[in-house]
Amino acid sequence: MNRSDVNEIIRESDSFIRSFGYVMPPFAYWSPQEMKERTAGDAAAIREARLGWDITDYGEGKFADLGLFLFTVRNGRQEDLRNGRGMLYAEKIMISRKDQLSPMHRHVIKAEDIINRGGGTLVLELFDSAPDGSVDGSAEVTVPTDGVLRRMKAGSHLKLGPGESVTLLPGVWHAFWGEGGDVLIGEVSTVNDDLTDNIFREPIGRFSSIDEDAEPLHLLVSDYDRWL
């Protein structure tokens with residue numbers, strides 16, 4: 001992705017998020033220089049927890065068709081999760097654009113609530129895992145939706161309107177996209193690790209490579225190791 005395109009996606013996404021009354025935390029708007037200075041001091045936890053902007057085309061170069069906007073607002077520690085006490089949770093705000101696919105994947109550790117916070121309809125394609133962890137093309141899938149269990153055939157499309165949510169436990173394969181318009185998505189989960197806990201059905205990259213054709217408006221979490 002070009003950095004200039006990433007900058008424009010950040011601007012558009014921030015405006016879309018604010019239109020629903022959701023306001024990002026102050027560190028979202030730090031310049032790259034301030035992020036570098038602050039994460040070397042009192043804000044080191046932002047880098048350690050990989051909080052911040054995350055824009056991906058999954059390395060395929062067609063963001064409008066295959067991509068996702070994410071912002072990690074808070075995230076606990078894997079050590080706390082292993083010990084069963086402390087900050088065991090994470091929160092993201094995301095945008096799935098109309099007909100923009102987030103490809104089929106599952107998580108090994110993370111359980112997550114995916115919430116339609118507004119906009120169009122969020123559509124999820126769901127499968128259970130086979131014993132070897134691969135997609136089970138025949139097994140029924142059972143997911144809680146706002147306290148109600150839904151039993152669905154493999155590959156069914158679950159449609160969530162604004163205010164509706166689904167709980168996805170580890171091992172549930174899912175792909176999703178917006179229908180009828182862009183969708184603001186909330187994610188509440190156990191501790192998030194995007195480096196190791198995303199298993200994709202097809203070989204694909206989690207993060208984008210960036211062509212630096214412009215100065216970054218704000219750093220992405222995938223910039224931290226190089227820029228900070």
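**View 1. Aspartate 211 in the loop between β12 and α5.** In this predicted model, where local features need pLDDT of at least 70, side-chain atom pairs count only at pLDDT 80 or more, and totals for chains, interfaces and linings use all residues, aspartate 211 lies in the loop that links β12 (199-200) with α5 (224-227); helices (H or I, at least four residues) and strands (E, at least two) are DSSP runs, numbered from the N terminus. Residues are numbered from 1 along each chain as its sequence is written, and side-chain values use heavy atoms, with hydrogens and water left out. Aspartate 211 is partly exposed, at a relative accessible area of 46%, given that buried means under 20%, exposed over 50%, and partly exposed in between (1.4 Å probe, protein chains only).

**View 2. The surroundings of aspartate 211.** Leaving aside residues up to four places away in sequence, aspartate 211 touches Met1, Asn2 and Arg3, where contact means heavy atoms within 4.5 Å. Between the C-alpha atoms of aspartate 211 and glutamine 78, which are 133 residues apart along the chain, the separation is 32 Å.

**View 3. Strand β11 and its pairing strands.** Strand β11 (residues 173-190) has 13 of its 18 residues buried, so the rest of the structure largely encloses it. Two strands pair if DSSP finds at least two bridges between them, and β3 (residues 89-96) pairs with β11 in the antiparallel sense over 8 bridges, with methionine 94 standing opposite isoleucine 185 of β11. Strand β5 (residues 112-129) also runs antiparallel to β11, joined to it by 14 bridges, and isoleucine 115 has glycine 186 of β11 as its bridge partner.
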